[in-house]
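This report describes how the chains of one model meet one another. Please view the sequence and the structure below before reading on.

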There are 4 protein chains.
Amino acid sequence: MKASVAIQVLPHVDTDEEVIRIVDEVIDYIKSTGLNYFVGPCETSIEGEYEELMDIVKNCQYIAVKAGAPKVSAYVKISFSPDGGVLTIDKKVTKHHK
Amino acid sequence: MKASVAIQVLPHVDTDEEVIRIVDEVIDYIKSTGLNYFVGPCETSIEGEYEELMDIVKNCQYIAVKAGAPKVSAYVKISFSPDGGVLTIDKKVTKHHK
Amino acid sequence: MKASVAIQVLPHVDTDEEVIRIVDEVIDYIKSTGLNYFVGPCETSIEGEYEELMDIVKNCQYIAVKAGAPKVSAYVKISFSPDGGVLTIDKKVTKHHK
Amino acid sequence: MKASVAIQVLPHVDTDEEVIRIVDEVIDYIKSTGLNYFVGPCETSIEGEYEELMDIVKNCQYIAVKAGAPKVSAYVKISFSPDGGVLTIDKKVTKHHK
């Protein structure tokens, strides 16, 4: 695989319920991209082509704003290897979730 | 819940196989603590008491060094709320893994 | 201000000298954008328009690859507030560097 | 050098003024340790012995709570190399701040 990202989106809103509602909209957006993803407690990992992933990372904050957050913070981990060799989500977590 | 952490440990070694072997030792250590945890592709989340979690975060790097890494980097997210109110792993991910 | 990012680029190369050489090329690129920036030990902060910043974040990894890194990791913090209100670099650090 | 950390402390409070006031108390605490440090826009880097640094990382959240934050998040980067070889703050930033 050539690239993967892991993103945590933090909408600046008043209640935990609002945080969860907005983050769920962001996760729904990630699901809608059709890429392989994995939702963890503090970030969602996605794997695919670098350009597409960076577009998705950018869009996540727009989704959060549209969903009602006046301000958004995000923490992103990026792995990029143009000739392949990025470890897959499957290789990293499957054995730990049996 | 009063505290949670998410940690990514990156041993500086030559091959992906070595990275995986050492990270698996760190994850085995986290499992051995008996705390509630969740392994994701780029970090492992753990919930519990703040002092205990910070000890575990510190020990993860010792485990990686003992397993053979001459140098270790780690990325840690910490949530701490002495009067409770930190969202649980269960509340954040269970609905997304059905 | 509407947006800021902080980025740490980690080229996967063999020596510290190579890491420094490649990271310096990334920092030179950031300087060349003309935006306001601040170089810290583990990340460089940049402030500007959200779309432009996200382009720069994407390009940093291309710069590192072009400079010789077969694989790159990056850690990015994003703050985005479409109606303004993101704290400026100046407001956050100037008083601490006198 | 054997270890360095970079920490961003985010108190969950209502206003930017409160965030700044509390973060400044955390930075004052870091200064009071006598270790070499560097304040950036989104994190403060500190270098020293691993055990001492991990104690400081832990204490930063206590300082933020004592200063009035009911809840605190923190993002921490750790570099640890028992036999030395962690790049110094000076080596990484001095040339960029002339």
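## Contacts between the chains

Across the interface of chain D and chain B, 15 residue pairs are in polar contact, both residues being at pLDDT 80 or more; a polar contact is a pair of N or O atoms within 3.5 Å, where within protein one must be able to donate a hydrogen and the other to accept it, and residues adjacent in sequence count only if both atoms are side-chain atoms. The model is a predicted one, in which local features need pLDDT of at least 70 and side-chain atom pairs count only at pLDDT 80 or more, while totals for chains, interfaces and linings use all residues. Residues are numbered from 1 along each chain as its sequence is written, chains are lettered from A and ligands numbered from 1 in the order in which they are written, and side-chain values use heavy atoms, with hydrogens and water left out.

On the side of chain D that touches chain B, α2 (50-66) and β4 (72-80) of chain D each supply at least two residues. Helices (H or I, at least four residues) and strands (E, at least two) are DSSP runs, numbered from the N terminus. The largest share of this side, 9 residues, comes from β4(D). By class, the side of chain D that touches chain B has 14 nonpolar, 5 polar and 4 charged residues; Ala, Val, Leu, Ile, Met, Phe, Trp, Tyr, Cys and Pro count as nonpolar, Asp, Glu, Lys and Arg as charged, and the others, Gly among them, as polar.

Strand β4 (residues 72-80) of chain B pairs with β4(D) in the antiparallel sense over 9 bridges, where pairing requires that DSSP finds at least two bridges between two strands. Within this pairing, Ile78(B) has Ala74(D) as its bridge partner.

Chain D and chain B each give 23 residues to their contact, contact meaning heavy atoms within 4.5 Å. Of the area that chain D buries against chain B, 24% is supplied by Lys58(D), Ile78(D) and Phe80(D), more than by any other three residues. Buried area is the accessible area (1.4 Å probe) that two parts lose on being put together, summed over both.

The table sets two interfaces side by side.

| Chains | Buried area | Share on carbon and sulfur atoms |
|---|---|---|
| D and B | about 2100 Å² | 55% |
| B and C | about 300 Å² | 35% |

## Salt bridges

Side chains of opposite charge can pair when their charged atoms come close. A salt bridge is a side-chain nitrogen of Lys or Arg within 4 Å of a carboxyl oxygen of Asp or Glu. The structure holds 24 salt bridges over all chains. Between chain D and chain B there are 2 salt bridges, and Glu51(B) forms one with Lys58(D), with the closest N and O atoms 3.0 Å apart. Between chain B and chain C the count is 0. Glu43(B) forms a salt bridge with Lys77(A), the closest N and O atoms lying 2.9 Å apart.

## Symmetry

Chain D is superposed on chain B by a rotation of 180 degrees with 0.0 Å of shift along its axis (RMSD 0.0 Å); superposition is by least squares on the C-alpha atoms of residues with pLDDT of at least 70 in both copies. Among the residues of chain D, Val76(D) comes closest to the rotation axis, at 2.5 Å (C-alpha).
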